[in-house]
Amino acid sequence: MISLDDILDEVRAHNPGADFELIRNAYAFAVHAHAGQVRRSGNSYITHLLEVSLILARFKMDTDVVASGLLHDVIEDTEITLDTVRTEFGDSVATLVDSVTKIGRIAFNTREERQAESFRKMLLAMARDLRVIIIKLADRLHNMRTLEFLPEPDQQQIARETQEIYAPLANRLGISSLKGELEDLSFRYLEPDAYQGLMEKISVQKAERETYIEDIRCIIKAKLDAQEIVGDVSGRSKHLYSIHKKMQRQNIEFDQVQDLSAFRIIVGSVRDCYAALGIIHAAWRPVPGRFKDFIAMPKANLYQSLHTTVIGPYGERMEVQIRTEEMHRIAEEGIAAHWKYKEAGQSVIAGPDASHFRWLRQMLEWQQEVKDSHEFLDVVRVELFPEEVYVFTPNGDVQELPKGSTPVDFAFSVHSDIGFHCVGAKVNGRMVPLKTQLNNGDRVEVLTSDKQKPSKDWLTFVKSSKARNRIRQWVKAEQRERSIELGKSLLEKDLRKHGFSLNRIIAGKILKPTLDELGFTRLDDLLANLGYGKISVGQIINRLIPKELLKETPASPGKLTRVLEKIRRKPSGAIKVQGVDDVLVRFAKCCNPLPGDEIVGFVTRGQWVAVHTADCPHLLEIDPARQVDVEWDVDKTATRSVTIRVICADRKGMLATLSAAISEAEANILSASVHLSSVGDAINLFEIEVSNLKHLNQVTNCLRRLKGVHKVERLQQ
């Protein structure tokens, strides 16, 4: 068990003049506050706080952060108040402890909501003070190290969250040592069979592998010494999770994995880095396409190094990384190694290294703009799992983009206005389609026109979050404008029937009460919802115009009524159409509505009523004049078929487990199909019968709780 002295020694090693009294006081305060509390392991709670604080000290964090590691749970888990912490330890420590507490203190209905909102809170905390997220990562690391003491469902949930959010976040902040351990720990609990199997195979070869690493290390060291290059050479086995992912990605067995080891050369200067690279390539044949120069073009997380893969002395591929001592420190500790806290609370984002955190600033902007949890998580995943491609502007400036990016992504990365007006592009001097994928080193020139507008089709091929979000915003704004115009036209038309006009209504005093009653603050919002079909003209008219002022509508039936009269046939058992019976109703295949969904009906050219969900994107393509009010008939029951996709681990008996869970939720399976994804997951498509939306949610919740299930979603065309 570690002690306070271990933490003080670690701090003293990199900061002899630190405020050790602050750390001692924080320890004494935490011991008193958490007295009598124990963890699931049976250990005293103070052991967790000491471990977190030691991790922070090893990252060479300042004394405020180390003290906050000891105090980070006092507000949440004891009777201590924030004001007490502020009085005892000052504003800086109190703010850090409060921010870490707020990140975790939230509960949501769904896993997606919880993940999205937790990450929003982390982004906001990072914007105020990046030290907050370092404390949170240290806390998560120790929790993962002691995860074995929790029940299996909790292990799965915490490990999944760590794999999807915390490990990628550590990587994005450049803390590779933390990222690797978090990934391996998550792998251990999410895929225990694969983890144990890989551990056993590596253990069998452990002695042989250690001998191989030492032999190669000595050979490389001798070659450097012969050229009078001073450097440190080390070798290591790769992380279990990275080996596992490689086996999945290349669909190979463990025995076929060649580069299980990686070698690192640390030299004194950038010049020596390239000299060492020349020595390695002169000694062994490099593998084409496996050389990367992250010194000339650093990663977004500050990482710099030369990477090459060569055919080694025993005919086996081996990876070699070459960097300076400063580059190595930043590679291991990331943002923690690049700290600029001369003054308490100074944010790196606003300091001289601000350019390195452009991705964080962009995500802060997007978290304000993107309210939907699923959409926001898509943004997060793109930004946290970047595989970069580096391209050049006509002036020679480097633009970093996600792998698979197109000229449209490039245009938006330069400036949003260029993206909005992009009509074409030249890559290396040749005209190319806008959906062409860019490669490292491409020189890209964008052609623009003031008349050009973004196309919704661009969303099918853009890769960067910035491009995707800007296009979505434009499409939504364009659809909103169209909906406002449609709503205005519909309302004007109905008002004229009763001897009123929209201008007269606006000039009067009856508009605001109507807006308030319907839940809108502006007329445009009401008109847009009318255009979307989410409210009807009748709902508005009945509130705008007093009954005594309403003129009688014509006795003769309107065109839509006459059409409905013609198509009186066998009704759909679960739908009512404007109180009319015996009307043929069909459910739109594009959105496949279920009882419980908000719905809208339209009379089709084929003279039947098509029922869509209220948020179906195809509604904007339909003439609103053909809209009819429909509602679910709660007095009748009828099952509906729906297709769900379940992404899970590919293992024996998984399909039977999924099928049993669906049956236990009292849903009938009409069809099922399974295929493997490129990363080795099983993708299962089930067509099932459910009675309503609530029943479907019961089915999906049962599936999400199963061990090995990664994602469950309802499919729509």
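This is a predicted model: local features need pLDDT of at least 70, side-chain atom pairs count only at pLDDT 80 or more; totals for chains, interfaces and linings use all residues.
Val 427 has Val 444 as its bridge partner in S10.

Val 427 belongs to the pairing of strand S8, residues 422-427, with S10: five bridges join the two, and they run antiparallel. Helix H18, residues 407-414, packs on this sheet and touches S8, S9 and S10. The direction of H18 makes about 80° with that of S10.

Now the sheet itself. It is open, has three strands in the order S9-S8-S10, and its pairing is antiparallel. S9, residues 430-432, and S10 stand at the edges with a single partner strand each, so one side of each is left without a neighbour in the sheet. From one strand to the next the twist averages 35°.

What follows S10 in the chain? Between strand S10, at 444-448, and helix H20, at 465-497, there is a loop, and Lys 451 is found in it. Is Lys 451 buried or exposed? Lys 451 has a relative accessible area of 77%, and the cut-off for exposed is over 50%, so Lys 451 counts as exposed. Lys 451 and Cys 422 are 29 residues apart in sequence, and their C-alpha atoms are 9.7 Å apart in space.

Next, the other sheet I want to show. This one is open too, with five strands in the order S1-S2-S5-S4-S3 and mixed pairing. Its edge strands are S1 and S3, the latter at 292-293, and each of them pairs on one side only.

I will go through the sheet from the S1 side. S1, residues 231-237, pairs with S2 in the antiparallel sense over seven bridges. As one example, Arg 236 has Ala 262 as its bridge partner in S2. On to S5, residues 317-324: six bridges join S2 to S5, and these two run parallel. There, Val 267 has Thr 324 as its bridge partner in S5. At the S3 end, two bridges join S3 to S4, residues 306-311, and the two strands run antiparallel. Lys 292 has His 307 as its bridge partner in S4.

How many residues of strand S2 are buried? Seven of its seven residues, 261-267, are buried. Both faces are covered: Ser 261, Phe 263, Ile 265 and Val 267 lie on one side, and Ala 262, Arg 264 and Ile 266 on the other. Note that Arg 264 is in that buried set. Helix H15, residues 325-333, lies across S2 and S5 and runs at about 110° to S5.

His 34 is found in the loop between helix H2, at 20-33, and helix H3, at 46-58. Which residues is His 34 in contact with, leaving aside its neighbours within four places in sequence? They are Tyr 45, Leu 49, Asp 73, Val 74, Asp 77 and Thr 78.

Helix H4, residues 63-71, is mostly covered, with nine of its nine residues buried. Among them are Asp 64, Ser 68 and Leu 71. The N-terminal end of H4 is capped by Asp 62, which has a side-chain oxygen 3.2 Å from the backbone nitrogen of Asp 64.

Then the cores. The largest nonpolar core has 32 residues, and Leu 56, Leu 178 and Leu 182 touch the most other members. Two or more residues each come from H3, helix H6 (82-104), helix H8 (131-145), helix H9 (152-172) and helix H10 (176-190). H8 gives the most, with eight residues. As for Leu 182, leaving aside neighbours within four places in sequence, its contacts are Arg 140, Leu 141, Met 144, Thr 162, Tyr 166, Ala 167 and Ala 170. There is a second, separate core of 30 residues, which includes Ile 7, Phe 20, Ile 46 and Leu 49.

Last, the chain as a whole. Its secondary structure comes to 27 helices and 20 strands. Of its 717 residues, 49% count as buried. Taking contacts between residues at least 6 apart in sequence, 67% join residues at least 24 apart. The accessible surface comes to about 35400 Å², and 48% of that belongs to carbon and sulfur atoms.

Terms used:
Residues are numbered from 1 along each chain as its sequence is written. Side-chain values use heavy atoms; hydrogens and water are left out. Helices (H or I, at least four residues) and strands (E, at least two) are DSSP runs, numbered from the N terminus. Buried means under 20% relative accessible area, exposed over 50%, partly exposed in between (1.4 Å probe, protein chains only). Two strands pair if DSSP finds at least two bridges between them. Axes are lines fitted to C-alpha atoms, for helices over the stretch in contact, and angles run from 0 to 180 degrees between N-to-C directions. Contact means heavy atoms within 4.5 Å. A polar contact is a pair of N or O atoms within 3.5 Å; within protein, one must be able to donate a hydrogen and the other to accept it, and residues adjacent in sequence count only if both atoms are side-chain atoms. Accessible areas come from the Shrake-Rupley method with a 1.4 Å probe; for residues, only the protein chains shown count as cover. A nonpolar core is a set of buried Ala, Val, Leu, Ile, Met, Phe, Trp, Tyr and Cys residues joined through side-chain atoms within 4.5 Å.
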